[in-house]
Amino acid sequence: MYAQMIKSEASAEDPEKLAAFQARIDAGEKIEPKDWMPEGYRKTLIRQIGQHAHSEIVGQLPEGNWITRAPTLERKAILLAKVQDEAGHGLYLYCAAETLGVSRDELTEMLLDGRMKYSSIFNYPTLTWADMGAVGWLVDGAAIMNQVPLQRTSFGPYSRAMIRICKEESFHQRQGYDIMMKMARGTDAQRKMAQDALNRFWYPSLMMFGPSDKDSVHSAQSMAWKIKMNTNDELRQKFVDQTVPQAEYLGLTVPDPNLTWNEEKGGYDFSEPDWSEFFEVIKGNGPCNTERLEARNKAWDDGAWVREGLMAHAAKKRAAKLAAE
Amino acid sequence: MSKEWPLWEVFVRSQHGLNHRHVGSLHAPDAEMALKNARDVYTRRNEGLSIWVVEARHITASSPSDKGPLYEPSESKVYRHPTFFDIPDEAGHM
Ligand SMILES: [Fe+2]
Ligand SMILES: [Fe+2]
């Protein structure tokens with residue numbers, strides 16, 4: 001999931017208004033930007049959608065790393081198209097957040113100075129071409145788990161952004177699995193590379209769903225508001241149940257000695273990821289945090305003259321047009 | 001003037017002759033760039049044959065608090081729906 005550990009805000013508003021608002025959500029109505037909403041709902045959504053948008057944008061970096069080194073022209077074109085989709089996903093989500101009264105530049109600045117987060121997964125490096133397979137298969141796979149239910153979220157613009165995104169995601173996961181199939185059926189060296197990619201991305205992918213939130217007050221509020229549709233543990237379980245047979249099909253081994261099928265619950269038992277590692281990565285101490293933020297800051301700073309120049313050009317053209325009228 | 005590029009709303013007409021439909025928004029310095037960006041962002045998979053872009057500040061929207069007065073009259077005029085009238089089967093398809 002691209003939004004982790006979102007704290008929901010309490011609302012100190014008129015209880016009658018709050019109850020009427022909750023009744024609309026319970027009835028399955030969509031909340032639209034101009035509708036009355038509790039301040040906490042608005043703030044929590046800005047945080048959640050913003051973090052999701054930032055993840056799409058920062059998420060381009062680990063894959064962008066391999067565009068120039070893709071093994072064939074076709075793979076290069078596919079990866080380029082995939083990364084371009086992610087830029088679009090960021091854009092849809094920023095636009096949804098903007099309807100809540102925050103500007104794009106404000107959101108960007110909060111990412112760049114560290115006030116807002118992005119998903120922990122993008123702080124891991126992509127070391128070999130097989131990582132492009134593992135990222136598409138596992139990371140986009142985990143994202144899909146979270147995004148499919150969010151198509152039914154209560155906030156109209158967020159829901160519509162999710163519907164668009166979900167339409168594009170399945171290509172992402174399938175191109176990743178396709179790379180894995182090729183590698184897993186390739187030479188010994190290729191098979192090793194594929195296994196190594198799975199080894200490195202398995203636990204970070206499980207972390208994408210966030211820590212267990214059974215006892216979290218925040219997720220109870222977010223679930224009542226329908227901006228969170230499932231618990232983190234539910235989604236993680238679903239992800240493991242779906243992914244293990246796919247790994248078996250590839251002839252690869254999930255790096256978890258405790259992985260066993262539990263007939264009674266109809267799902268796998270599996271090891272939790274190392275949550276202390278997760279909290280370190282969230283705090284900024286993952287392998288690539290510094291590099292990722294530096295890359296985003298550099299892109300923003302280097303692009304300043306283009307943004308300003310195009311605005312000046314547009315103003316000049318407008319003035320010339322007015323003068324001619 | 002703000003340095004931030006203005007917001008544009010994007011409308012796309014698909015192949016099947018339907019109306020232009022709102023598909024999303026984007027930021028662009030001017031109309032020309034807004035069209036180019038809309039093409040890149042919203043029509044990468046044959047979604048449409050025609051794009052409109054409108055600067056968001058030019059759109060006037062009804063307000064949710066008007067919902068009652070704006071739409072109530074349509075609810076009290078059931079005779080606007082064909083099912084209001086009972087036409088005997090013998091009269092044939094109508
Ligand atoms: Fe995405
Ligand atoms: Fe994706």
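Is H172(A) buried or exposed?

Modeller: H172(A) counts as buried, because its relative accessibility is 0% and the cut-off for buried is under 20%. Bear in mind throughout that this is a predicted model.

H172(A) is one of the residues that hold the iron ion (ligand 2). The donors to this ion are E86(A) and E169(A) through OE, D140(A) through OD, and H172(A) through ND1, at 2.0 to 2.3 Å. Read along the sequence, the spacing of these donor residues is E-x53-D-x28-E-x2-H. D140(A) sits in helix α6 (residues 130-150) of chain A and H172(A) in helix α7 of chain A, so this pair ties together parts that are 32 residues apart in sequence. D140(A) is also buried, because its relative accessible area is 1%.

What is the arrangement around the iron ion (ligand 2)? The four donor atoms subtend angles of 83 to 169°, which makes it irregular. To count as tetrahedral, four donors would need all angles between 85 and 135 degrees.

Now the other ion. The iron ion (ligand 1) is coordinated at 2.1 to 2.6 Å by E56(A), E86(A) and E169(A), each through OE, and by H89(A) through ND1. Here the angles between the four donor atoms run from 81 to 153°, so this arrangement is irregular as well. The sequence spacing of the donor residues is E-x29-E-x2-H-x79-E. Among them, H89(A) belongs to helix α4 (residues 73-98) of chain A and E169(A) to helix α7 (residues 156-184) of chain A; the two are 80 residues apart, and the pair links distant parts of the chain. H89(A) and E169(A) are both buried.

The two sites are joined. E86(A) bridges the iron ion (ligand 1) and the iron ion (ligand 2), and the ions lie 3.3 Å apart.

The largest pocket has a volume of about 1500 Å³. Its lining has 46 residues, and the closest to the pocket centre are R160(A), E9(B), H22(B), V23(B) and G24(B). Two or more lining residues come from each of α4 and α7 of chain A and from β1 (7-13) and β2 (21-27) of chain B. The most come from α7(A), which gives seven. Sorted by class, the lining has 18 nonpolar, 11 polar and 17 charged residues.

Helix α4 of chain A also supplies at least two residues to the lining of the second largest pocket, as do other elements, including β2 of chain B. This pocket has a volume of about 1000 Å³. Of its 33 lining residues, those nearest the centre are R104(A), R296(A), W300(A), R307(A) and W5(B).

A last point concerns cysteines. No disulfides are found in the whole structure. For C166(A), the nearest cysteine sulfur is that of C95(A), 17 Å away. C166(A) is buried, with a relative accessible area of 16%.

Note on methods: Residues are numbered from 1 along each chain as its sequence is written. Chains are lettered from A and ligands numbered from 1 in the order in which they are written. This is a predicted model: local features need pLDDT of at least 70, side-chain atom pairs count only at pLDDT 80 or more; totals for chains, interfaces and linings use all residues. Side-chain values use heavy atoms; hydrogens and water are left out. Donors are N, O and S atoms within 2.8 Å of the metal (3.2 Å for Na, K and Ca); water is not among the atoms, so sites may look incomplete. Four donors count as tetrahedral if all angles lie between 85 and 135 degrees; four count as square planar and six as octahedral if opposite donors are over 155 degrees apart and all others between 65 and 115; anything else is irregular. Helices (H or I, at least four residues) and strands (E, at least two) are DSSP runs, numbered from the N terminus. Buried means under 20% relative accessible area, exposed over 50%, partly exposed in between (1.4 Å probe, protein chains only). A disulfide is a pair of cysteine sulfur atoms within 2.5 Å. On a 1 Å grid over the protein atoms alone, a cavity is a set of points where a 1.4 Å probe fits but cannot get out, and a pocket is an open set with protein on both sides within 12 Å along at least five of seven lines; lining residues have an atom within 4 Å of a point. Grid points are joined across faces, edges and corners, and a volume is the space filled by probe spheres set on the points. Ala, Val, Leu, Ile, Met, Phe, Trp, Tyr, Cys and Pro count as nonpolar, Asp, Glu, Lys and Arg as charged, and the others, Gly among them, as polar.
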